[in-house]
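Welcome! Please take a moment to look over the sequence and the 3D view before reading on.

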Amino acid sequence: MVAYSLFSPAVSAMRAQSQSFQNISDNVANSQTPGYKAGQVRFQEMVAGKNGGSSYNSLMGARAFQQVFREREGVVTSSERALDAALSGEGFFVTSTSLTPRSDSIELTDAGRFNPTLVGEGANSQVYLTDIKGNYLLGWPYNPDTGTFDISTNSTSSLSPIRIDQEGNAFDAVATSEAALQINLPATAAAGDTFDFDIPIFDGTGDADGVNDTRQVITSFTKAAGTNVWDMTISGTGGTVTSPAVQPVQVEFDANGRISLVGGAAEAPINVSINWGAPAVTTAFTLDLEGSTSYADGANQLDLRTDGNTDGVLSSVRFGEKGNVIGIFSNGLDRPLARVAVADVVEPNRLLASGQTHWRVGPNSGDLNLIDLDNTSRVFFAGSAIELSNTDLGTEFTNMIITQRAYSSAATTLKTVDEMVRTATELKS
C-alpha cells in the first residue's frame, strides 16, 4: 500500500496543473469580454497526518485553487455605443436575474455592455436594459412630476429594472407659462408704422386630439404720436385675448432708446390670457419685453424664449452623467428616465462567482452597500465607455509554458513511479 501511495503526488500534481490549464484557457477565451477579471491559480501542499500508529507524515502532492482579485480594474476605453458604461473605483453595477428583484436574485458586475430587451408579447410587452448575461440592470426611477429620483441607499427594495419603452416613459405636454420677447423698434419710424412679431406657444393639450398644440400669438407695435411711444396689440390666431383687458398697451422708451414703461408702469412682465377654439382651452402666460430697444436701426427680433412643450414619445436612450439614463423624445427634448445603482462590499475578493463576469454576495464578502453616483467620490461613472478584460495575454502564455513544463514533470514522475512499482513487483515474484 505504501508503494501505491507514491502515485498520489504525481497524480495530484497533474490534476492541479490541469486546473491551471483550464484557468489559463478561461482567461484567454475572455480576453475580449467586458468586465472580465482574470483568475490566478495557486497551489497548496497536501499532507496526510499521522494515523493508525504511523510515525511519519506523508506528502500527498498538491492541490490547486483559483483566486480572482475583483478590485483589479481593466482599462476603461471609449465606446461608440450609447448603452455602454464603465465604472472606475470601488463599485459594481447592480443587476437582477429576475424582473422582480429579490435578495437572492441580485448579482454584481463590471461588464457595462447593456442592450434593450423585450419582455412579454403584444400589448403587455415592455423593454428593459439588460447586460451581457441577460440580467436586468437595476436603478432608481425618475419622477418627472417632482424632477427628482426616488433614491434610497438603505435597501435594494428601492431598486427596480430600468424600463426604456415608449409606453413606460411618456413626455407629457406642458402649456406655455412664460414668454420673453426682445426686439428693436426703429426710432425713425413715422406715426402709424406697424411691425408684427410672432410668438409660438403651446396650449398643453398634446397631439392626442389630432390638433397641433402649437398656437400663434402675434404682437403688433404701432408708432404713436408721442416721442418714443408705441402701442402694442396682442392677438392670437384662432383665439380671443381676454387679458390684457384693455388694448393697445402703451410701451415707452427712454432717451437712450431703452424700454422704460409698459402700460404706464415700470417695465415688467404683463399677464396674457387667450381663449382658443378647436380644442377649447385657455392659455395664460406672462410676456416679458425686458431688453427691448428703440434705436435707429430697422425693426428686428433680437431674442425669443418660451417655455412649455408638446408631448413626445421616447425615440432613443443614452447614458449621461452621474449614472443617469437619458431618454431622447420626439419633441426634441430629453430628460432622465432613471439613475443606475452602484454597490460595493467590504471584501470584494470574497464574492461568490456566478458565471464569468458576475458575482453574488457571500458569507465572507460583507453586506451590500448601495451607492448614489451623484453623492460619492469613491466611484466614477462614464457613459459610452467600457471596461475591458484585465487579462494580460503575455502573462497567460508565460503561465501556459510554465504549466506545460510542470505537467510534463508530473507525468514523468508518474511514469517513473509506475516503472519502480513494476520492477518491485517483478523482483518479488
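This report goes from the overall shape to a few individual residues.

## The whole protein

Keep in mind as you look around that this is a predicted model. The protein has 3 helices and 31 strands. Along its principal axes, the C-alpha trace spans about 135 × 45 × 35 Å. A compact globule of 429 residues would have a radius of gyration near 22 Å, whereas this protein has 37 Å.

How much of the protein is buried? Buried residues account for 39% of the 429 residues. The protein exposes about 22000 Å², and carbon and sulfur atoms supply 50% of that area. Looking at contacts between residues at least 6 apart in sequence, 63% join residues at least 24 apart.

## Leu 370, a residue in strand β29

Let's zoom in on Leu 370, which sits in strand β29, spanning residues 369–371. Leu 370 has a relative accessible area of 10%, so it is buried, the cut-off for buried being under 20%.

Which residues does Leu 370 touch, leaving aside those up to four places away in sequence? They are Val 94, Trp 140, Ser 152, Thr 153, Ser 155, Thr 156, Leu 159, Val 342 and Ala 343. Take Leu 159 from that list: Leu 159 and Leu 370 are 211 residues apart along the chain, yet their C-alpha atoms are separated by 9.9 Å.

## Thr 109, a residue in strand β6

Next, find Thr 109 in strand β6, which covers residues 106–109. Is Thr 109 buried or exposed? Its relative accessibility is 0%, so Thr 109 counts as buried.

One of its polar atoms lies 2.9 Å from the backbone nitrogen of Ala 111. The backbone oxygen of Thr 357 also lies 2.9 Å from a polar atom of the Thr 109 side chain.

Finally, turn to helix α3, which runs through residues 393–428 and includes Met 400. Met 400 has a relative accessible area of 34%, so it is partly exposed, between the limits of 20% and 50%.

Which residues form a nonpolar patch on the surface with Met 400? Leu 393 and Phe 397 do, and the three residues together have about 250 Å² of accessible area.

How values were computed:
Residues numbered from 1 in each chain as written. Predicted model: local features only at pLDDT ≥ 70, side-chain atom pairs only at ≥ 80, totals over all residues. Heavy atoms only, no water. Helix = DSSP H or I, 4+ residues; strand = E, 2+ residues; numbered from the N terminus. Buried < 20%, exposed > 50% of the residue type's maximum accessible area, 1.4 Å probe, protein only. Contact = heavy atoms within 4.5 Å. Polar contact = N/O pair within 3.5 Å; in protein donor to acceptor, adjacent residues only side chain to side chain. Patch = residues over 30% accessible without salt bridge, like charges linked within 9 Å, V, L, I, M, F, W, Y side chains within 5 Å. Areas by Shrake-Rupley, 256 points an atom, 1.4 Å probe, with all protein chains shown as cover. Salt bridge = Lys/Arg side-chain N within 4 Å of Asp/Glu carboxyl O. Rg over C-alpha atoms; globule rule 2.2 N^0.38 Å.
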